[in-house]
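The following exercises are to be worked with the sequence and the model side by side. Each task is followed by a solution in steps.

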Amino acid sequence: MSVETPVRRDLLETIVSATRRAVRDRETHRSIRDLEQAWAGRSADGERFVEALRRGDGYNVIAECKRRSPSRGVIRPAYDPATIAESYAESGAAAISVLTEPAFFDGALEHLEAVRGVVEVPLLRKDFIVSEYQLFEACVAGANAVLLIVAALDDAALRRLMASARVLGLAVLTEVHDGNDLGRALHAGADVIGVNNRNLRTLSVDLHASETLIEDIPDDVVAVAESGLRVASDLVALGQAGYDAFLIGESFMSQAEPGVALAALLSEVGRGGDARCGRVPKRSAV
């Protein structure tokens, strides 16, 4: 008797659905009005995040704090995001990304708050943002920027959340994986685009995404390569292609000392000679 193989549900859809439920639950305990009052009309100073990625004096790394991932499982059983973030900041991170998604990454807003309490570098809230409520959460917790994943949002939601984030002063790292995502991101007005080499629907990783999409990212848009970056040659090649910054998480988190691993990587790319990251026009004007 043959056994039919079950169809794997789309992982991104699963995470987004779980996120929507979790947000609704949090809203019953703390209203968006309470968050607005806690924020009190300040600015998240997202320009600091953008400026950190535009620096032209080296390789700008967004170093990530995360305990777990759907692809690897638990990466770091003993997880202290504040201590890790301190080591990243001391080792030259341009910015720090903190995973706050609880169900699939073991993240929490408290992790972001703890990191903000010990470092001054710009912070990115890394999560599956689906509502304005999460934007206020990010501000109150100390983020300067948030991630918006194009594949997780329809066009109207993408534009709405991007506009709302900017009103709060948050920078937006708009994440894409393919040409369709990139077209939608640019149409929505994205000014910082992250090319995720990991397909969030299948978890497969292929640097080809970063290598090909850079040609269609305008020079006035900050370009960030994400996922699958492990060695200095990855950064050098993508820096020469035109990327301004690099988001790296698992390769650091799997090391005994993540900050030491970051420092070693930056030292190695610094010895790469005349490799210039984001300092020359990436593409010819059309």
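**Exercise 1.** Against which helices and strands do the buried residues of H7 pack?

*Solution.* Two conventions come first. The model is predicted, so local features need pLDDT of at least 70 and side-chain atom pairs count only at pLDDT 80 or more, whereas totals for chains, interfaces and linings use all residues. Residues are numbered from 1 along each chain as its sequence is written, and side-chain values use heavy atoms, with hydrogens and water left out.

Step 1. Locate the element: helix H7 comprises residues 132-141. Helices (H or I, at least four residues) and strands (E, at least two) are DSSP runs, numbered from the N terminus.

Step 2. Identify its buried residues. Buried means under 20% relative accessible area, exposed over 50%, and partly exposed in between (1.4 Å probe, protein chains only). Eight of the ten residues of H7 are buried, among them Tyr133, Leu135, Phe136 and Cys139.

Step 3. List the partners, with contact taken as heavy atoms within 4.5 Å. The buried residues of H7 pack against helices H1 (11-29), H2 (32-39), H6 (109-116) and H8 (155-167), and against strands S5 (123-126) and S6 (145-149).

Step 4. Inspect what comes after the helix: H7 is followed by Gly142, which has a positive phi near 110°.

**Exercise 2.** Describe how H1 and H7 pack, and name the residues that meet.

*Solution.* Step 1. Two packed helices are described by the angle between their axes and the distance between the axes. Axes are lines fitted to C-alpha atoms, for helices over the stretch in contact, and angles run from 0 to 180 degrees between N-to-C directions.

Step 2. For H1 and H7 the angle is about 65° and the axes are 10 Å apart. H1 is therefore roughly perpendicular to H7, a term for angles of 65 to 115 degrees.

Step 3. From H1, Thr19, Val23, Arg26 and Glu27 meet Tyr133, Gln134 and Glu137 of H7. By class, this contact of H1 with H7 has two nonpolar, two polar and three charged residues. Here Ala, Val, Leu, Ile, Met, Phe, Trp, Tyr, Cys and Pro count as nonpolar, Asp, Glu, Lys and Arg as charged, and the others, Gly among them, as polar.

**Exercise 3.** Why is strand S1 described as largely enclosed by the rest of the structure?

*Solution.* Step 1. Six of the six residues of S1 (residues 60-65) are buried, so the strand is largely enclosed.

Step 2. In a regular strand the side chains alternate between the two faces of the sheet. In S1, Asn60, Ile62 and Glu64 are buried on one side, and Val61, Ala63 and Cys65 on the other.

Step 3. Strands pair if DSSP finds at least two bridges between them. S1 pairs in the parallel sense with S10 (residues 245-248) over four bridges; Asn60 is partnered by Ala245 and Val61 by Phe246. Four bridges also join S1 to S4 (residues 95-99), again in parallel, with Ile96 as the partner of Ala63.

Step 4. Eight strands close into a barrel in the order S1-S4-S5-S6-S7-S8-S9-S10. The twist averages 25° from one strand to the next.

**Exercise 4.** Is Leu123 buried or exposed?

*Solution.* Step 1. Leu123 lies in strand S5.

Step 2. Its relative accessible area is 0%, so Leu123 is buried.

Step 3. Beyond its neighbours within four places in sequence, Leu123 has contacts including Ile96, Leu112, Val115 and Gly142.

Note on methods:
Parallel < 35°, antiparallel > 145°, perpendicular 65-115°, else oblique.
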